[in-house]
Amino acid sequence: MGIETSCDETAVAIVRNGREILSNVVASQIESHKRFGGVVPEIASRHHVEEITIVLEEAMKQANVTFEDIDAIAVTEGPGLVGALLIGVNAAKAVAFAHNIPLVGVHHIAGHIYANRLIEELEFPLLSLVVSGGHTELVYMEEHGTFQVIGETRDDAAGEAYDKVARTLNLPYPGGPHIDRLAHEGEPTISLPRAWLEEDSYDFSFSGLKSAVINTLHNAEQRGEIIEPENLAASFQASVIDVLVTKTVKAAKEYKVKEVLLAGGVAANKGLRYALENRFSDMEGVKLIIPPLSLCTDNAAMIAAIGSIMYEKGKRSTLALNANPGLDIEK
Ligand code: KG4
Ligand code: ZN
């Protein structure tokens, strides 16, 4: 059983042998947060409290299992919003204690990466491009359950930049899918910066790009000019994808990986999926895995998938398990 409550999705899944999804129930709170233009932590926690038992029962019903069938419970221990994480952690501890089931606390981003194992068995060494609302990272893996961050964002995460740019264009939260849609209706006619950083760095930076988009809009407004939002969205998306794909290709070559995985909410981006497929289609010896949309955004099947690996590796959490908003994937 996987349990996920790190942000604004209450999710429980039942997965067989870490790979076969028996059920994957997600209760999204997006509608409640929309009018605030972002996730309100206190509201998120309250929704998780209301939803967790309902979602858990539904996941078990859909999978047609009882507590006796559950070998282990994996729960997102961090990173995320502390009040939100606490609901999942405490639900997992309650079930583990009441039914004497082993408990395994796992890392949310490791979960996003392992969403790919629900599609295909992984081959190592591999490289994962993690792009979510809170993280943008290139993670190198030599074997199951070990993670080395070779590059990360120095400021905004890719999803965060999408959401902020969307807000400037008066699009609803979360803005990523709206920008993606608009971008396909426009052309990248506006020149925007790409933050390559130092020659040998796999780090990212998106705050300069975000500011450039906002300045372009404001300057045009002041001059009384009209900027087509489609073209601005297309130009922004082109810049994000250019940097993400170029650095991923470079790292895949340098680290001589067998596979490249895409992970996280922004992995749902059509432009990014297409660009990666295009670049890796003719790269010999490197296989690209991209999860279906339902496994890109937050869900609990991915938490069960990494939980199963950590369980096999002997990891057990005690009932002292706590939410850890700053949990480090390498540790
Ligand atoms: O992984 P996720 O569900 O939550 C976190 O762990 O952060 O990612 C959510 C992020 C949001 O910023 C959302 O705007 C972005 O993923 N997103 C997208 C798309 N779909 C979701 N960004 C760009 N294009 C999309 N199609
Ligand atoms: Zn996530």
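These entries record what I looked up about the pockets of this predicted model.

**Entry 1: ground rules.** I noted that in this predicted model local features need pLDDT of at least 70 and side-chain atom pairs count only at pLDDT 80 or more, while totals for chains, interfaces and linings use all residues. Residues are numbered from 1 along each chain as its sequence is written.

**Entry 2: the largest pocket.** I looked up the volume of the largest pocket and found about 1,200 Å³. A pocket is an open set of points on a 1 Å grid over the protein atoms alone, where a 1.4 Å probe fits, with protein on both sides within 12 Å along at least five of seven lines; lining residues have an atom within 4 Å of a point. I then listed the lining, which has 43 residues, with Ser 132, Gly 133, Asp 163, Tyr 173 and Pro 174 nearest the centre. Two or more of the lining residues come from each of α1 (30–34), α4 (108–114), α5 (158–168) and α6 (176–183). The largest share, 7 residues, belongs to α5. I also saw that domain 1 (2–113 + 296–312) and domain 2 (123–290) each give at least three residues to this lining.

**Entry 3: the second largest pocket.** I recorded a volume of about 390 Å³ for the second largest pocket. Its lining numbers 19 residues, and Met 1, Val 15, Arg 16, Asn 17 and Asp 71 lie nearest the centre. I found at least two lining residues in each of β2 (9–16), β4 (73–78) and α11 (301–312). With 5 residues, α11 gives the most to this lining.

Notes
Chains are lettered from A and ligands numbered from 1 in the order in which they are written. Side-chain values use heavy atoms; hydrogens and water are left out. Grid points are joined across faces, edges and corners, and a volume is the space filled by probe spheres set on the points. Helices (H or I, at least four residues) and strands (E, at least two) are DSSP runs, numbered from the N terminus. Domain bounds come from an automatic or database domain assignment.
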